[in-house]
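Dear colleague,

Please find the structure below, handed over for your review.

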Amino acid sequence: SGFNGIGHMDTMLRGRHHIGHYKEGEEFIQNVFHVLFLLFSGKEKSNLSICWLQYEISKVVQCLQAKNKKKLKAQGRKSKKLAKNLLKAPDNRNHLSLWKLYAYLEWLLGNIDDARKVFDTALCTAGTGGLKSPQLCSLSLLYAQLEVELLESIEGAVMSRAVHILTKLAESGPYMPYSGQVLSVNILKARKTYEHALQDYLSKTPVSDQDQLSDANQLVNLVGCYALFQYLTVGIDAAVLIYAQTSEKLEAPGPQTCENTGENFGIQNFPTALEAVTLLHTNLLRFHMKISVYPLNPLREALTEALKRYPSNQSLWRSYIHIQRKSHSASKARRFFDGVTRSTNSLEPWLFAIQAEQMRKKLTENVQRTDVGEIHSTIPETGLTNRIVALFEHAVQSENGTHCPLLWRMYLNFLV
């Protein structure tokens with residue numbers, strides 16, 4: 001091919017192969033990590049360890065998406081070795097965020113029992129901070145979410161391991177591994193604790209910007225845990241209600257409108273919390289639709305509202321495209337894309353609009369193509385091709401689009 005790419009362009013399909021991580025680019029990135037590792041100490045070093053492990057996890061995810069078992073095995077061995085070495089460092093032994101990533105890595109590699117052991121060990125050694133400890137909340141939330149994804153249906157979920165984890169978190173006592181049942185009285189107590197904790201958080205005003213950032217993260221974890229707890233013990237409507245109440249509170253007007261009362265709403269001005277809560281909400285709805293019968297409309301409405309507000313959130317766009325693929329009418333989605341691209345400068349709406357049309361084109365071609373090898377249908381699908389070219393033309397004329405190599409490459413790739 002005559003050139004070496006650094007990093008990866010995983011959006012391009014080359015023949016049947018996804019373009020993965022190039023050898024030279026990979027060596028370069030590993031060298032950067034090794035060199036930086038010697039320069040940092042203390043908290044910075046721990047943060048760098050987290051970045052490094054996250055990068056390793058991204059490669060494992062890529063192998064999973066490509067369904068390459070042989071590569072996954074090799075990558076899994078390398079990533080686990082790195083994770084264990086990072087955790088051996090004296091600074092990192094009690095670093096919950098690293099333990100969380102290591103457990104997640106084991107889970108992704110399919111070693112569910114090993115992952116549970118790591119999660120349980122981390123929770124046992126984490127102390128009794130309960131809902132007051134941001135790291136503990138974050139760890140418990142991920143553990144519970146992964147456990148919920150294993151559930152076949154919502155029936156009998158009250159006795160599940162996920163409920164045990166969330167109940168123990170609310171009790172603020174020492175963690176005990178799951179023994180197969182959860183007491184009803186503990187569930188009732190936990191629900192009260194969550195309710196009070198959320199009320200306290202929403203009514204409190206942070207002092208400094210740093211506090212505000214950690215408070216916003218903590219609020220998101222707390223809302224996630226409480227909503228998941230309600231989902232498993234009461235049902236989907238109870239969980240949606242918590243997301244709705246929190247969003248309403250976070251959308252409250254900031255100091256600009258309240259100058260006369262002299263009040264400062266603090267956390268309400270922190271938009272990332274609202275975005276993260278919205279993401280949790282849409283993900284839960286998507287999961288619920290996967291394991292039981294539930295109308296599509298609440299999810300569609302939640303996504304369209306969220307995307308008008310956060311047009312550059314890729315996870316939300318992915319969910320939106322995913323649900324739109326199920327509907328046979330493209331006009332609604334096209335109008336929506338058109339509206340969002342007019343009202344924002346961010347490139348994501350263009351990229352996802354193009355991707356949605358390309359998926360539709362592929363689907364149409366698959367349907368039209370007969371089973372006689374490479375004989376193509378006599379009616380070419382030009383309408384979609386012209387539409388995609390028009391989208392590319394508009395996108396590259398926008399201010400950000402002109403300077404986006406990915407967009408130009410996608411355009412060239414499509415024309416070829």
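A crossing is called left-handed if the near helix is turned anticlockwise from the far one by less than a right angle, and right-handed if clockwise. Helices are DSSP runs of H or I with at least four residues, numbered from the N terminus.

This is a predicted model, in which local features need pLDDT of at least 70 and side-chain atom pairs count only at pLDDT 80 or more, while totals for chains, interfaces and linings use all residues. Residues are numbered from 1 along each chain as its sequence is written, and side-chain values use heavy atoms, with hydrogens and water left out.

Helix pair H1 and H2

The crossing of H1 and H2 is left-handed. The axes of H1 (residues 23-39) and H2 (residues 42-66) come within 10 Å and cross at roughly 160°; axes are lines fitted to C-alpha atoms, for helices over the stretch in contact, and angles run from 0 to 180 degrees between N-to-C directions. The two helices are therefore roughly antiparallel (an angle over 145 degrees). On the H1 side, the contact (heavy atoms within 4.5 Å) includes Ile-29, Phe-33 and Phe-37, and on the H2 side, Leu-48, Trp-52 and Tyr-55 are among the residues involved.

Nonpolar core

A nonpolar core is a set of buried Ala, Val, Leu, Ile, Met, Phe, Trp, Tyr and Cys residues joined through side-chain atoms within 4.5 Å, where buried means under 20% relative accessible area with a 1.4 Å probe, protein chains only. The largest such core has 113 residues, of which Tyr-194, Leu-228, Tyr-231, Leu-232 and Leu-407 touch the most other members. Helix H9 (residues 209-233) gives the most to this core, with 12 residues. Beyond four places in sequence, the contacts of Leu-407 include Leu-347, Phe-392 and Gly-401.

Individual residues

Arg-161 lies in helix H7 (residues 161-171) and is buried, with a relative accessible area of 19%. Not counting residues up to four places away in sequence, Arg-161 touches Arg-116, Asp-120, Tyr-143, Glu-147 and Tyr-178.

Phe-352, in helix H15 (residues 348-368), is buried at 7% relative accessibility. Phe-352 and Tyr-320 are 32 residues apart in sequence, yet 9.4 Å apart in space, C-alpha to C-alpha.

Lys-80 belongs to helix H3 (residues 69-88). Lys-80 and Leu-109 are separated by 29 residues in sequence and by 9.7 Å between C-alpha atoms.

Yours sincerely

Methods: Angles under 35 degrees count as roughly parallel, over 145 as roughly antiparallel, 65 to 115 as roughly perpendicular and the rest as oblique. Buried means under 20% relative accessible area, exposed over 50%, partly exposed in between (1.4 Å probe, protein chains only).
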